Structures are given as C-alpha cells and as structure tokens.
Amino acid sequence: MTSIGYFLSCEQYGPRELVAQARAAERAGFERLWISDHFHPWHDQQGQSPFVWSVIGALSETVSLPVTTAVTCPTVRIHPAVIAQAAATAAVQLDGGFVLGVGSGEALNEHILGDPWPSAGERLAMLEEAVEVIRLLHSAGARGEQVSYQGTYYQVQEARIYTVPDEPVPIYVSGFGPQATQLAGRIGDGYCTVLPDADLIRTFREAGGRDKPVQAGMKVAWGPDADVALDEAHRLWANDALPGQLGQVLPRPQDFEAATKLVPRGDVREAIVCGDDPKAHLDRVRQYVEAGADEIYVQQIGPDHDGFFRGWEEHVLPEFR
C-alpha cells in the first residue's frame, strides 16, 4: 500500500509552527514526514527559513514519525563531512527513523559563501562524491575508525563520527531530469521527486532502483473558496511553475519574486490542487500512485490547517489504508 506523509515547509513556516504541524499530522493519521532544507525561502512572501537540523531535533522529541530531508544539498554550502555528522545524530535521535534525502541544490541557497555555482553536470559529480564521503564516514564511525579522504572535490583528514546509529542511514537521491534520476538509481537507496512522472520513475527503476523506495512530494491549498485558495497558492508558490533551469540558477529571493510575477494563475492551478473538494485531492494523490510512487508527501499551503488535517483525515487518508 502507498504510504501518505506530510511535507513540512521550512520556507513558509517557523520552527514552532513546523513542530505543531507535525503533531497535527500524526494525530490525523499521516505516517511519515518530509522536511525541506533551505538557507533562504524561495521569495520573501514565504518568509521563513529555520535551520532544518534544529527542527529535526525538536521533531524527535515530539512525534514518533520517520523523517526525510527533502532535500539536503551536501556539496557547497555545507561540507559533506558535516552533513554526515548531522545525519548520524538525526538517525540516533529518531531511533533509526531518519532518511537523508540529498540533491544537487540551487544557487538560491548555495551561493551565500561566495562559491561559484557549477554547471549541472559538475553539480551531479559533486553530489556523487559527497554521498561517497558521507557513507564512508558513517561506516567507519560504526567501526570506531577514522577517515582520511582525498577526492576531486572534497578532502577529509583524520575524521571520526562518534555518535552513530545502529543501522546505516539510508540516502535517497532526488532527480527532476533523466541525468539526475539515473544517478539516483545508481547510487541512491531510494529516489525523491515532486512530479507524478511515470517515465522518470521508470528511469530510476531501470538505472538500478528496481526495488528501492520512491518518495514524491505534492502541494495543495485546502480552503472553502477555491479561488481564494488559488490566490494564496499563486502568491506563495508560483515558483513551482517556473520553467527550465530557473529554479536552479536564480540566486536571490527577490529574483524569484520577480520571475514568479510572470507565472499565469492557470499554471499554478494545474500544479497545485486548490479548494476543499476531497475528490480533487484524491485524484491528485492517485496520479502519484499510478506513476509508481511508494510514499507521497503533501504540503498544505493555505492558512486553514485545521480544515486540511480534518478533511484529509476523514476523506483522503482512509482511501490509502
């Protein structure tokens, strides 16, 4: 059976709100959590960006649901050795219920230290090496050993992670195009996507991900007035409908804000379910199921979280139990 989780948006909500949403999600019957990892929100209208590892620590003491980062970039802003330590601690805190979701990142978050933003091919090569470093540190830490590593992009000198979980941390890799998806199939323990795209999921399966989990995220704007909900979705998340490579290469929230003014409301309506018709929400989830996703994570955009959790608890989640 498909597992339905809740998507915690660090771009839109502060740490206390995220923890409160996680509690509400568990009460409503959601089975797991995704949480985004950003330095900046996509634009100022979203308005938040707490440090994800602090929030995960709070979640570990608040809910019993497994947590996946969706997704962490371990290549530029934070060295993979530091991500390895953070992920190991999160796995201990969550008693093994932690998945490190990783991706090649966006300039929006990764340019802040003044590093150049590499080409897409180089970003994927950096990601592959970063995953190698993380796994090396985790496995050596489990044996009580130090690691020294000299790679093309990263070096580690006499490092040991002392706080490690009993089992290795699963690393899922995100991909929105064929090249990244093939990498996910080859090196990932699972796959993260935000598209109900059967072709991409098939690419992942054929590239080595045959029996590995596929996680997928979606957004909704639950509310009694579909037009008002669409207004809110367009104001806050029109960036999801930006074409091409813009999501990866624009460097500042104000650049995204300018670009999203060009996104038609109709494009947002196609991307995000708006309103409180349970059938529309069910139909969108089924698109992901039919595409081959094993775990689906839904993010509520609008302010009516009580209505959202009540509506999904009563009308949507029972269909997937």
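Biologist: Hi! Which helix does H305 lie in?
Modeller: In this predicted model, H305 lies in helix α13, which covers residues 305–316.

Biologist: Is H305 buried or exposed?
Modeller: H305 counts as buried, because its relative accessibility is 13% and the cut-off for buried is under 20%.

Biologist: And what is H305 in contact with, leaving aside its neighbours within four places in sequence?
Modeller: With that stretch set aside, H305 has contacts with Y6, Y13, Q21 and Q300.

Biologist: Let's switch to α2. How many of its residues are buried?
Modeller: Seven of the nine residues in helix α2 (residues 52–60) are buried, so the helix is mostly covered.

Biologist: Which ones are they?
Modeller: The buried residues in α2 are V52, W53, V55, I56, G57, L59 and S60.

Biologist: What do those buried residues pack against?
Modeller: There are helices and strands on the list. The helices are α1 (15–28) and α3, and the strands are β1 (3–8), β2 (33–35), β3 (67–69) and β4 (98–102).

Biologist: You mentioned α3. At what angle do the axes of α3 and α5 cross?
Modeller: Roughly 50 degrees, and the axes come within 9 Å of each other. Here α3 spans residues 80–93 and α5 spans residues 120–142. Because of that angle, α3 is oblique to α5.

Biologist: Is that crossing left-handed or right-handed?
Modeller: The crossing of α3 and α5 is right-handed.

Biologist: Which residues meet there?
Modeller: From α3 you have P80, A81, I83, A84, A87 and A88. On the α5 side they meet A130, V133, I134, L137 and H138.

Biologist: How does that contact split by class?
Modeller: The contact of α3 with α5 has 10 nonpolar residues, one polar residue and no charged residues.

Biologist: New topic, cysteines. How many disulfides are there?
Modeller: The count comes to zero disulfides. Take C10: the nearest cysteine sulfur belongs to C192 and is 15 Å away, whereas a disulfide needs the two sulfur atoms within 2.5 Å. So C10 is in no disulfide.

Biologist: Is C10 buried or exposed?
Modeller: C10 is buried, since its relative accessible area is 0%.

Biologist: What about C192, where is its nearest cysteine sulfur?
Modeller: For C192 the nearest cysteine sulfur is that of C73, 13 Å away, and C192 is in no disulfide. C192 also counts as buried, because its relative accessibility is 1%.

Terms used: Residues numbered from 1 in each chain as written. Predicted model: local features only at pLDDT ≥ 70, side-chain atom pairs only at ≥ 80, totals over all residues. Heavy atoms only, no water. Axes fitted to C-alpha atoms, helices over the stretch in contact; angles between N-to-C directions. Helix = DSSP H or I, 4+ residues; strand = E, 2+ residues; numbered from the N terminus. Parallel < 35°, antiparallel > 145°, perpendicular 65-115°, else oblique. Left-handed = near helix turned anticlockwise from the far one by under 90°. Contact = heavy atoms within 4.5 Å. Nonpolar A, V, L, I, M, F, W, Y, C, P; charged D, E, K, R; others polar. Buried < 20%, exposed > 50% of the residue type's maximum accessible area, 1.4 Å probe, protein only.
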